[in-house]
Amino acid sequence: MKTGLVILGGGPAGLTAGIYVARARVQALLIEKGSTGGQMAATEWIDNYPGNVEPVYGYELAQRMESQARKFGLEIVNKDIISLVKSSDGFTLADDAGSRIECGAVILATGAAPVKLGIPGERELAGKGVSYCAVCDGPFFRDLEVAVVGGGDSAVEEAVYLTRFATKVHILHRRDKLRAVREIQEKAFADPKVVIHWNCVPVEIKGDSEVRSVSVKSTLDGHISEIPVGGIFFYVGLRPNNEVFRDLVELDSSGFVLTDDKMACSIPGIFAAGDIRSKILRQVSTAVGDGATAAYSAQHYLENNI
Ligand code: NAP
């Protein structure tokens, strides 16, 4: 199968690229491994995406973007792409079922996934109280105490969200200052159900068929204490979903894709957009901007080179 452009990933960056190229009548295919929307769809509400006076639900925004892309005629398929290689006149992608797709240009919009701390109990109790998605799993923790690890936007925002279900939410943060933006911090400070434990890190999650407690170590004096919780949510940063192309394009030291301001990567014909890019601000609004720019650049590349 030969196509003009393949967009890898169906989060806000990929869907926006899809809207732009479909509208410009570029022959394009968007390939998504799971469901569209990426991390945006797993976010309860988004209140800094311009044009929405009231917060918008992440999954709703994702659905709207997908419908808009389909309206313009974008083809969206579900496939797990396992390789991307350069060919004589473009690129070849292969999926896990052995089928191949030839194309003239690619936009990488595969996003990023939550980092795992790798502490004892984290893997063993995954799905039994250990979670990386409050929106997906929050309702399971009704009337229980839970812990949230991290001090960034995600940790603090999701901690506040979890107060809908949990009786108490313990934020475990390794420093004495939150990284989250002021507005999100203020919500947490104002919520009587949120308790912030400063200068500490989780060292072990204990439980049997479900999480029972978390052992927490002070980063100041090494003292270890135990907090009884029924669940623990990790928000300690993002790792790039770069497995398919990490040996093909240039990456920064953390594994995010380096691009120029046209979203072009180190290999002509490959562009990147959204959280997978090396950049300072990972937001729906910045992903959308990247997606539009990458679409424009890919369209021009195809017109001039293929
Ligand atoms: P993040 O900003 O990288 O924050 C990660 C947090 O985890 C930091 O507080 C960090 O502590 C802590 N941490 C990292 N490694 C740790 C370790 N080994 N042990 C204990 N704690 C550790 O990640 P994020 O909150 O997931 O956000 C990712 C991106 O999405 C950011 O650009 C963020 O602005 C954006 N985002 C935006 C919104 C919004 O605007 N509404 C919502 C969600 C996410 P330190 O602070 O000490 O480094």
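Reader: Hey, where's the place of Arg-25?
Author: Arg-25 sits in the loop between α1 (12-23) and β2 (28-32). Those labels are DSSP runs numbered from the N terminus: helices are H or I with at least four residues, strands are E with at least two. Keep in mind that this is a predicted model, where local features need pLDDT of at least 70 and side-chain atom pairs count only at pLDDT 80 or more, while totals for chains, interfaces and linings use all residues. Residues are numbered from 1 along each chain as its sequence is written, and side-chain values use heavy atoms, leaving out hydrogens and water.

Reader: Ok, and is Arg-25 buried or exposed?
Author: Arg-25 counts as exposed because its relative accessible area is 68%. The cut-offs are under 20% for buried, over 50% for exposed and partly exposed in between, using a 1.4 Å probe and protein chains only.

Reader: What about the phi of Arg-25?
Author: Arg-25 has a positive phi of about 65°, although it is not a glycine. For background, most residues other than glycine have a negative phi. Asn-199 also has a positive phi, near 50°, and is not a glycine.

Reader: Where does Asn-199 lie, then?
Author: Asn-199 is in the loop between β13 (194-197) and β14 (200-207). It counts as buried because its relative accessibility is 17%.

Reader: Which residues is Asn-199 in contact with?
Author: If you skip neighbours within four places in sequence, Asn-199 is in contact with His-173, Arg-174, Arg-175, Asp-176, Lys-217, Ser-218, Thr-219 and Leu-220. Contact means heavy atoms within 4.5 Å. With Asp-176, the backbone nitrogen lies 3.4 Å from a polar atom of the Asn-199 side chain.

Reader: Switching topic: how many residues surround the ligand?
Author: There are 19 of them, and the closest are Gly-151, Asp-153, Ser-154, Arg-175 and Arg-179. A residue is near a molecule if one of its heavy atoms lies within 4 Å of it.

Reader: What classes are in the shell around the ligand?
Author: The shell has 5 nonpolar, 8 polar and 6 charged residues. Here Ala, Val, Leu, Ile, Met, Phe, Trp, Tyr, Cys and Pro count as nonpolar, Asp, Glu, Lys and Arg as charged, and the others, Gly among them, as polar.

Reader: Which residues have a polar side-chain atom lying by an oxygen of the ligand?
Author: Ser-154 has one 2.9 Å from a ligand oxygen, and Gln-283 has one 3.1 Å from a ligand oxygen. Taken alone the ligand exposes 920 Å², and the protein buries 77% of that. Those areas come from the Shrake-Rupley method with a 1.4 Å probe; for residues, only the protein chains shown count as cover.

Reader: Which helix gives the largest share of that shell?
Author: That's α5 (residues 153-162), with 3 residues. α5 is mostly covered, as 8 of its 10 residues are buried. Among them are Ala-155, Val-156 and Tyr-161.

Reader: How is the protein divided into domains?
Author: Domain 1 covers 2-114 + 238-305, and domain 2 covers 130-234. Those bounds come from an automatic or database domain assignment. The C-alpha centres of the two domains lie 32 Å apart, and 7 residues of domain 1 are in contact with 10 residues of domain 2. The shell around the ligand takes at least three residues from each domain.

Reader: Which side chains does a polar contact join to Glu-226?
Author: Lys-206 at 3.1 Å, and Ser-215 at 3.2 Å. A polar contact is a pair of N or O atoms within 3.5 Å; within protein, one must be able to donate a hydrogen and the other to accept it, and residues adjacent in sequence count only if both atoms are side-chain atoms. Leaving out residues up to four places away in sequence, Glu-226 touches Lys-206, Ser-213, Val-214 and Ser-215.

Reader: Last one: where does Glu-250 lie?
Author: Glu-250 is in the loop between β18 (238-240) and β19 (270-272). Glu-250 and Cys-265 are 15 residues apart in sequence and 7.1 Å apart in space, C-alpha to C-alpha.
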